[in-house]
Amino acid sequence: MERTTDVLADDYLPSASMSLLKLRSSLMAAARQFFLQAGYWEVTTPILSSEMVLDSWSDPFITTDAVTERPLFLQTSPEAHMKRLLAAGSGPIFQFSRGFRKGDFGPRHNPEFTLLEWYFPEGELTDQIQFVENFIRLFFSEATRLRIQTAPRTHDFSRPVSSGRLLPSTAFERLTYSAAFERFLGLAALDVPVAELIAKARQLQLDLPGLDEDDRDGWLNDLLVNAIEPRLGFDRPVVLMDYPASQAGLATTRPLYPAGPEVANRFELYIDGVELCNGYHELTDPVELAHRAQTHARLREKAGLPPINPPQRLMSAMAANFPSATGVSLGFDRLVMLALGTSTIADVMSFAWDRA
């Protein structure tokens, strides 16, 4: 009984030390300054809305408007609202936003988290990839500088900060989705029969219960998450590009080569096996958005997840005046964790889910 009382007595304490929280605050200020100097301006959008951005797999927190009895969603991302601002002529914008995804809790996941999301109209995806590299380099450099500067005069670390590290001077590796499957699994991901994907997953003991044998994207994702992602970004950060068109999300697509398979104009960044951000050359076609909404609805129904209606206001924005744009959504808690050399995001959050 005394042990239980001791645990409860400490339960009011933050998940992170005050020193780490102060470093996080300084890093957020540095990130904000980077975007302001790059010509972006900061916006704030709702985290509770009657609409939600398309997502096949995230299970959102849902409440009800007491007056209209309509469902309201805690947003998994500010994407839809920020794109509506783009359509209204905002120009380059960024936001630190709270995101919510039901069921995610662990060393790299928390049901409530911080996103840094930004959009640049009329830009090219290759330019956005370079912009991400520039930002990440500055962020890691600033984290190292602050840690060295503050360490000699800090005394309240509940857990010591590891040495962290600077990123190598060589450019981030740019690796296609197909090349990653070839390198790590010996598979041609874009055209390999699904039976070979299943055989490889079973060989590696990654056979997921309940995954249909005709679910090509499900098996690809199983292999990517469990056999490839944990091996990415250790020598230097890796930008994974050219995902299958069926995994485009809200990105545009293109043929990989003349008469070749369609791929998504999308990338993700990995450091030390951790996925940090997801970038798109943004979809602008409302008809295609409606088609993808139907696909997402079928996938959610098949997975037993609550239905989500298509984002009508985003469709209207696309139909009205939506510019060609690139956009990136970055997990800020994970970035701080990696830059400061801690082992879990709870180390850099004031109150993780188990203490919220």
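This is a predicted model: local features need pLDDT of at least 70, side-chain atom pairs count only at pLDDT 80 or more; totals for chains, interfaces and linings use all residues.
An α-helix has 3.6 residues a turn, so residues three or four places apart point the same way.

## Helix α3 meets helix α9

Two packed helices are described by the angle between their axes and the distance between the axes. Helix α3 spans residues 79–87, and helix α9 spans residues 312–321. They pack at an angle of about 25°, with their axes 9 Å apart. Angles under 35 degrees count as roughly parallel. Therefore α3 and α9 are roughly parallel to each other.

The crossing of α3 and α9 is left-handed. Which residues make the contact? From α3 come Ala80, Lys83, Arg84 and Ala87. From α9 come Arg313, Leu314, Ala317 and Asn321.

## Helix α5: one buried face

Helix α5 covers residues 177–185. Its buried residues are Tyr177, Ala180, Phe181, Phe184 and Leu185. Seen down the axis of α5, they fall within an arc of 100°, so they line one face of the helix.

Which elements does this face pack against? The buried residues of α5 pack against strand β7 (173–176) and strand β8 (238–241). They also pack against helices α6 (194–203) and α7 (216–228). Just after α5 comes Gly186, with a positive phi of about 70°.

## Strand β11: enclosed

Strand β11 runs through residues 266–271. Six of its six residues are buried, so β11 is largely enclosed by the rest of the structure. In a regular strand the side chains alternate between the two faces of the sheet. Both faces of β11 are covered. Arg266, Glu268 and Tyr270 are buried on one side. Phe267, Leu269 and Ile271 are buried on the other.

Strand β11 has β8 as a partner, joined by four bridges in an antiparallel run. Here Val239 stands opposite Leu269 of β11. Six bridges join β11 to β12, again antiparallel. In that pair, Ile271 stands opposite Val274 of β12. Strands β11 and β12 form a hairpin with two residues between them. In this hairpin, Asp272 takes a positive phi near 55°.

## Strand β13: covered on both faces

Strand β13 spans residues 325–331, and seven of its seven residues are buried. Ala325, Gly327, Ser329 and Gly331 are buried on one side. Thr326, Val328 and Leu330 are buried on the other.

How many bridges join β6 to β13? There are seven, and the two strands run antiparallel. Strand β6 covers residues 112–121. Strand β12 (residues 274–281) also pairs with β13, through five bridges in the antiparallel sense. Leu330 of β13 links both pairings. Its bridge partner in one is Leu116. In the other, Cys277 stands opposite Leu330.

## A three-strand sheet

Three strands form an open sheet in the order β2-β4-β3, with antiparallel pairing. Strands β2 (48–49) and β3 (62–64) stand at the edges, each with a single partner strand, so one side of each has no neighbour in the sheet. Strands of a sheet pair through backbone hydrogen bonds, either parallel or antiparallel.

Strand β4 covers residues 71–74 and pairs with β2 over two bridges. Leu48 stands opposite Leu74 in β4.

Arg98 is found in strand β5, residues 93–100. Is Arg98 buried or partly exposed? Arg98 is partly exposed, with a relative accessible area of 32%.

Which residues does Arg98 touch, leaving aside its neighbours within four places in sequence? Arg98 is in contact with Ile47, Gln75, Glu112, Phe113 and Thr114.

Definitions and conventions
Residues are numbered from 1 along each chain as its sequence is written. Side-chain values use heavy atoms; hydrogens and water are left out. Two strands pair if DSSP finds at least two bridges between them. Buried means under 20% relative accessible area, exposed over 50%, partly exposed in between (1.4 Å probe, protein chains only). The arc is that of the directions from the helix axis to the C-beta atoms. Contact means heavy atoms within 4.5 Å. Axes are lines fitted to C-alpha atoms, for helices over the stretch in contact, and angles run from 0 to 180 degrees between N-to-C directions. Angles under 35 degrees count as roughly parallel, over 145 as roughly antiparallel, 65 to 115 as roughly perpendicular and the rest as oblique. A crossing is left-handed if the near helix is turned anticlockwise from the far one by less than a right angle, and right-handed if clockwise.
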